[in-house]
Amino acid sequence: MELTREEELALKGEYGETMETAYRILVAIGEATNAERLVPIKWAHLSGVNYNTIGDAGQEFLSKLSQDARVKVMTTVNPMGFDFEKVSNYNLSDEFIQKQRSIKESYERMGVVPSFSCIPYEIFDIPQSGTQVSFAESNAAIYANSVSGLRTNKESAFSALASALTGKSPYSDLRKNDKPNLTIRMKVDEPNEMTMGMLGYFAGKVADNSVSISGIKNLDRRSCKSLCGGMGTSGRCGKFFLEDTPGSEKIDFDKKEMQTVFDELNTADRGDIVTLGSPQLGLGEMEDLSAMLKGRSFKKRCMVFCPRAVQEQARKLGYTNEIERAGCEILSDCCTCLTPLVDKSQIDSVTTNSIKGAYYLKNSTGVDVNLKPLSHIIRDETK
């Protein structure tokens with residue numbers, strides 16, 4: 001890799017141990033991904049916030065790092081394990097609460113924006129097209145590259161943190177606008193958001209860094225987020241193009257392929273509870289949910305996850321009144337994935353419309369999953 005004089009000095013420890021470590025991470029990743037240089041970034045989005053994800057080692061590392069480390073660019077962060085404003089409603093251990101509080105405070109000391117959201121593209125102004133950013137949350141990285149016109153690698157927790165501290169990131173393949181060598185032809189008629197999540201999950205398994213998808217005419221925000229969430233869950237793919245790339249290999253996503261994904265992730269005929277929000281719900285989805293629940297009530301516990309900024313807007317607009325009247329618990333700063341609020345010792349199965357949520361509920365939380373599109377959840381789980 002070609003480094004500037006300042007970058008070489010940082011790598012040699014001239015600017016302290018923290019910067020040396022950060023640059024070592026970036027150079028190692030850059031060399032592994034054939035990046036010719038580091039490029040300045042304008043925005044970093046960090047994962048590694050949930051205590052369930054990083055554990056004691058991560059919590060202790062951040063506590064030490066935050067004593068002198070400060071971010072150099074705007075930096076936002078992923079969800080935590082729970083909503084601090086409602087933690088008393090749940091039977092969480094004091095240890096988990098204190099460790100999560102320590103992680104939260106470490107990031108805040110470093111100067112991050114305490115967004116605690118996996119959908120930063122819905123709650124912050126998007127920079128101009130072509131801006132270099134560094135996003136660790138997979139659905140956000142794919143959305144940034146594919147929809148927002150930004151440029152980011154599909155970062156790890158460490159590389160995004162190193163980028164936040166240095167304001168730099170390796171100029172790797174995803175930052176370039178190279179056309180993919182694979183086109184997936186969408187062959188499922190009238191897809192809903194769950195179909196798009198399964199398409200994304202399939203694409204993540206078969207595609208390399210990027211993929212073209214043909215046969216999609218209209219992609220609303222909910223379906224787009226579901227596509228990004230599914231794609232980010234199953235593989236390395238970090239960008240899609242809604243087109244048929246000439247000369248690329250062609251494969252079909254049809255009812256058979258969709259059924260294969262469904263059979264892998266759907267392991268229950270019913271759920272003990274309902275969870276909505278993985279990725280978290282945005283303001284438009286809160287409005288839709290409010291309208292769909294008009295005059296209806298959930299027959300079982302339903303947890304709705306959205307960013308705090310979205311919850312505050314939705315409350316001002318009256319959407320939360322209808323959602324809470326229908327029996328939903330609205331939770332911010334956390335999401336379906338890896339939350340201790342879904343405990344396998346108390347819950348056997350969860351109903352959700354999220355492919356990303358289904359994957360993590362099944363493989364990390366250890367509960368069974370009943371997959372349904374949102375319209376079917378409203379139809380079957382409310383009265």
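This is a predicted model: local features need pLDDT of at least 70, side-chain atom pairs count only at pLDDT 80 or more; totals for chains, interfaces and linings use all residues.
Two packed helices are described by the angle between their axes and the distance between the axes. For α8 and α9 (residues 221–234), the angle is about 30 degrees and the axes are 6 Å apart. Angles under 35 degrees count as roughly parallel, and α8 and α9 are therefore roughly parallel to each other. The crossing in which α8 passes α9 is right-handed.

Strand β6 (residues 182–186) is joined to β9 by five bridges, the two strands running parallel. Within this pairing, Phe-253 of β9 is the bridge partner of Met-186. Three bridges connect β6 with β7, again in parallel, and Arg-185 stands opposite Ser-214 of β7.

Strand β7 is mostly covered, with five of its five residues buried. Ser-210, Ser-212 and Ser-214 point one way from β7, whereas Val-211 and Ile-213 point the other way, and all are buried.

The largest nonpolar core contains 83 residues, of which Leu-46, Tyr-107, Leu-199, Val-211, Met-231, Phe-240 and Phe-253 touch the most other members. Helix α8 (residues 193–206) gives the most to this core, contributing seven residues. Apart from this core lies another, of 20 residues, including Cys-302, Val-304, Ala-314 and Ile-330. Beyond residues up to four places away in sequence, Phe-240 touches Ile-142, Ser-146, Val-147, Val-211, Ile-213, Cys-224, Leu-227, Cys-228 and Met-231.

The loop between β6 and α8 holds Val-188. This residue is buried, with a relative accessible area of 8%, the cut-off for burial being under 20%. When residues up to four places away in sequence are not counted, Val-188 touches Thr-195, Phe-253, Asp-254, Lys-255 and Met-258. The C-alpha atoms of Val-188 and Asp-252 are separated by 9.5 Å, although the two residues are 64 residues apart along the chain.

Helix α7 (residues 157–166) is largely enclosed by the rest of the structure, because eight of its 10 residues are buried. The buried residues are Ser-159, Ala-160, Leu-161, Ala-162, Ser-163, Ala-164, Leu-165 and Thr-166. They pack against the helices α2 (17–32) and α3 (51–65) and the strands β2 (43–46), β3 (74–77), β4 (133–135) and β5 (168–170). After α7 comes Gly-167, which has a positive phi, near 75 degrees.

Helix α3 also packs with helix α4 (residues 94–109): their axes come within 9 Å and cross at roughly 55 degrees. That angle makes α3 oblique to α4, and the crossing of the two helices is left-handed. On the α3 side the contact is made by Tyr-51, Asn-52, Ile-54, Asp-56, Gln-59, Leu-62 and Ser-63, and on the α4 side by Glu-95, Phe-96, Lys-99, Gln-100, Ser-102, Ile-103, Ser-106, Tyr-107 and Arg-109.

A further open sheet is made of five strands in the order β12-β11-β10-β13-β14, with parallel pairing. Strands β12 (328–331) and β14 (368–371) stand at its edges with a single partner strand each, so one side of each is left without a neighbour in the sheet. The twist from one strand to the next averages 25 degrees. Strand β10 (residues 273–276) and strand β11 (residues 302–305) run parallel and are joined by three bridges; Thr-275 stands opposite Met-303 of β11. Helix α15 (residues 374–381) lies across β10, β13 (349–352) and β14, and runs at about 150 degrees to β10.

Terms used. Residues are numbered from 1 along each chain as its sequence is written. Side-chain values use heavy atoms; hydrogens and water are left out. A nonpolar core is a set of buried Ala, Val, Leu, Ile, Met, Phe, Trp, Tyr and Cys residues joined through side-chain atoms within 4.5 Å. Buried means under 20% relative accessible area, exposed over 50%, partly exposed in between (1.4 Å probe, protein chains only). Helices (H or I, at least four residues) and strands (E, at least two) are DSSP runs, numbered from the N terminus. Contact means heavy atoms within 4.5 Å. Two strands pair if DSSP finds at least two bridges between them. Axes are lines fitted to C-alpha atoms, for helices over the stretch in contact, and angles run from 0 to 180 degrees between N-to-C directions. Angles under 35 degrees count as roughly parallel, over 145 as roughly antiparallel, 65 to 115 as roughly perpendicular and the rest as oblique. A crossing is left-handed if the near helix is turned anticlockwise from the far one by less than a right angle, and right-handed if clockwise.
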